[in-house]
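Biologist: I am new to reading structures. Could you show me how to go about it?

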Amino acid sequence: MIKIFLSFDFYGAGNIGDDLMLDGFLKALKNNDYEFYCLVPRNSLHQQMRFPVINFFEFKERTDAAKQCSVWAGVGDTPVQVKSGDWFLQKLFKDNELIGERKIKYYFIGVGAEREAVSQKDKFAKVLGRVDHFWTRDSKSTEILVNDLKIQSDKVTTSSDLANISLSETFRPVIKKNRFKYDIGICYYDENAEEENLTAIKLFLKKIKKRNKKILFSNDVSRKGLYEYNLYKKMFTRLERIYNNIRIYQPDYFNSSKINELVSHYTECETVMSSRYHAILTAAWAGCRVIALERSSKVSALAEELCISEVKKPFTVEKLMEAFNGAKMVSPEILNTLLKSAYGSISNFEELIKTEKTQTVSI
């Protein structure tokens with residue numbers, strides 16, 4: 001039995017994309033001879049319900065569990081980032097201290113790197129030097145790791161986002177509808193949500209015929225801070241939402257036992273416009289017409305990979321309307337290529353760890 005420590009600790013915080021990546025990782029594994037351990041600084045009952053194969057423990061027990069696992073895996077997300085602050089960088093330094101001189105196998109799977117993080121390239125290069133192999137979620141991330149952070153090229157493999165695996169099972173085959181409940185769904189978040197961009201989105205939605213239904217939905221369900229929910233409340237009063245036929249929606253993240261329950265609303269939208277990486281990817285698999293809203297280099301890279309339009313900042317009503325009128329679905333060939341690549345990364349990972357010796361975790 002191989003003991004695997006899932007070193008990233010953001011799972012279960014309310015971001016649906018995190019669950020999609022973790023679900024994809026677990027679904028693609030062919031070997032059942034693993035025990036997974038993950039310790040998060042929050043209540044994990046909803047995660048235990050969705051991912052019963054993972055042993056979730058209280059965060060205070062993290063050190064003991066981690067030290068007794070022979071394999072560490074950082075699964076999904078964007079560890080090379082700075083737009084949301086330096087919290088991920090500091091976490092990686094602390095993890096390196098926890099590893100110490102122990103001879104473990106350390107892997108990052110389905111991860112991204114943002115161009116903005118190059119401003120801290122020396123620190124990232126130092127902290128990532130301990131990782132044995134990276135499978136990135138796109139070629140842009142590979143370029144950043146190899147060309148900017150100077151990671152050895154033979155330690156980096158270009159793959160795709162692990163959410164592709166989960167989404168392919170949820171939405172395939174997609175049954176195209178002749179009529180949709182919502183003409184457009186918007187999932188908007190930005191670390192720097194400028195007032196002019198919020199105003200442009202608001203005026204754009206008001207300009208679309210009032211008889212057409214619209215939905216503003218969340219990828220991150222947090223009601224603290226300026227995440228989606230509070231941004232929408234800031235944009236539209238209750239009366240404005242009623243008058244303009246707009247609904248605000250949040251999936252029941254903390255009570256849903258199945259991943260597909262968190263993304264089922266996508267099939268009700270003819271068009272999805274989003275600045276969220278996984279909202280864009282989910283909309284593509286759901287068969288929606290898809291538009292990206294510029295936010296960071298990772299969103300731009302995904303828009304390029306999916307061959308969809310990206311509305312550049314500053315947003316204007318004219319730019320948004322032009323993108324809406326010209327929006328298209330993502331080619332099944334593109335999605336299948338991403339899916340095959342994601343499966344390939346898990347297969348490679350299993351090949352590398354299959355010789356690991358059994359270790360016992362006692363907590």
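This is a predicted model: local features need pLDDT of at least 70, side-chain atom pairs count only at pLDDT 80 or more; totals for chains, interfaces and linings use all residues.

Biologist: How many residues of helix H11 are buried?

Modeller: Helices (H or I, at least four residues) and strands (E, at least two) are DSSP runs, numbered from the N terminus. Buried means under 20% relative accessible area, exposed over 50%, partly exposed in between (1.4 Å probe, protein chains only). In H11, residues 277-285, nine of the nine are buried, so the rest of the structure largely encloses this helix. Among them are Tyr 277, His 278 and Trp 285. Just after H11, Gly 287 has a positive phi of about 80°.

Biologist: Which residues does Tyr 249 contact?

Modeller: Contact means heavy atoms within 4.5 Å. Leaving aside neighbours within four places in sequence, Tyr 249 contacts Ile 215, Leu 216, Phe 217, Ser 218 and His 265. Tyr 249 lies in strand S10, residues 246-249. Its relative accessible area is 18%, so Tyr 249 counts as buried.

Biologist: What does the side chain of Asn 197 reach?

Modeller: A polar contact pairs N or O atoms within 3.5 Å; within protein, one must be able to donate a hydrogen and the other to accept it, and residues adjacent in sequence count only if both atoms are side-chain atoms. The Asn 197 side chain reaches the backbone nitrogen of Phe 315 at 2.8 Å. Asn 197 sits in helix H8, residues 195-207. Asn 197 is buried, at 1% relative accessibility.

Methods: Residues are numbered from 1 along each chain as its sequence is written. Side-chain values use heavy atoms; hydrogens and water are left out.
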